[in-house]
Amino acid sequence: MSFITWIGFVVAATLIAISPGSGAILSMSHGLAYGLKKASATVLGLQLGLVLVLVVAGAGVGSLLIASALAFTVVKVVGALYLIWLGIGQWRSKAEASGVPTAGLAAHPAFGRRVLTGFLTNATNPKGILFMVAVLPQFISRNAPVLPQLAILGATMVAIDTTVMHGYALLASTMQRWFRDPRAVRLQNRFFGGVLVAVGALLFFVKP
């Protein structure tokens with residue numbers, strides 16, 4: 001892999017990470033509800049899910065999923081239902097005057113729960129598998145060992161996505177002072193919950 005090829009991948013990966021998606025929405029939601037420090041667990045989970053997608057795509061299983069209508073449909077439905085469930089939980093969360101939701105998804109779940117939420121959000125996203133299967137081969141040279149190239153691209157993607165997701169969480173966390181009353185927190189819950197449900201519903205229309 002040449003340096004120019006790697007730079008091209010950096011540009012592509014940055015544009016993909018910046019573009020709004022379920023990971024960005026979750027990062028902003030948790031950044032606003034819990035603050036940047038606690039949202040870092042969510043970002044960690046997102047990266048673990050991203051690594052899984054990279055491994056699946058790199059191993060060729062992603063191509064197999066796309067080739068198998070049944071397998072792809074199962075992944076798509078699971079991912080869509082999970083995001084919808086996540087959105088409903090966010091929508092129904094209650095709030096106190098402190099500005100932090102106290103029930104449901106946003107009730108300051110444990111570190112492991114936040115990591116798992118992030119992991120499942122990326123791991124069950126069929127759009128991620130589609131993208132990796134379509135894009136990764138464009139940056140891999142057939143004249144060099146594939147595994148080291150996949151490792152470089154994977155590490156690059158994770159580094160970029162981690163930075164961008166923390167950026168989203170930080171941006172949202174700076175707005176916490178504007179959400180100090182129950183009405184504002186309820187509005188925030190319903191906004192992010194509604195967006196997550198909408199993103200989940202859109203996944204039903206994703207085709208290989």
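I take helices to be DSSP runs of H or I with at least four residues, numbered from the N terminus. By that rule, α3 and α8 each give at least two residues to the lining of the second largest pocket. The model I am reading is predicted.

**Entry 1: the fold**

I looked up the secondary structure of the protein chain and found nine helices and zero strands. Along the sequence the pattern reads α-α-α-α-α-α-α-α-α. I then checked burial: of the 208 residues, 43% count as buried. For contacts between residues at least 6 apart in sequence, I noted that 84% join residues at least 24 apart. The accessible surface came out at about 10,500 Å², and carbon and sulfur atoms hold 73% of that.

**Entry 2: confidence**

I read a mean pLDDT of 79 for the protein chain, with 84% of its residues at 70 or more. Which elements have the lowest and the highest mean pLDDT? Helix α4 (residues 61–67) has the lowest, at 65, and helix α6 (residues 111–123) has the highest, at 92. I also marked residues 96–106, where the pLDDT is below 50. Beyond near neighbours in sequence, this stretch still has 37 contacts in the model.

**Entry 3: the largest pocket**

I put the volume of the largest pocket at about 570 Å³. Its lining has 25 residues, and those nearest the centre are Ile16, Gly21, Ser22, Asn122 and Asn125. I listed the elements that give two or more residues to this lining: α1 (3–18), α2 (22–34), α3 (36–58), α7 (126–135), α8 (146–173) and α9 (182–203). How does the lining divide by residue type? I recorded 16 nonpolar, seven polar and two charged residues.

**Entry 4: the second largest pocket**

By type, I noted eleven nonpolar residues, two polar and no charged.

**Entry 5: cross-check**

How values were computed: Residues are numbered from 1 along each chain as its sequence is written. This is a predicted model: local features need pLDDT of at least 70, side-chain atom pairs count only at pLDDT 80 or more; totals for chains, interfaces and linings use all residues. Side-chain values use heavy atoms; hydrogens and water are left out. On a 1 Å grid over the protein atoms alone, a cavity is a set of points where a 1.4 Å probe fits but cannot get out, and a pocket is an open set with protein on both sides within 12 Å along at least five of seven lines; lining residues have an atom within 4 Å of a point. Grid points are joined across faces, edges and corners, and a volume is the space filled by probe spheres set on the points. Ala, Val, Leu, Ile, Met, Phe, Trp, Tyr, Cys and Pro count as nonpolar, Asp, Glu, Lys and Arg as charged, and the others, Gly among them, as polar. pLDDT is the predictor's confidence in each residue, from 0 to 100. Contact means heavy atoms within 4.5 Å. Buried means under 20% relative accessible area, exposed over 50%, partly exposed in between (1.4 Å probe, protein chains only). Accessible areas come from the Shrake-Rupley method with a 1.4 Å probe; for residues, only the protein chains shown count as cover.
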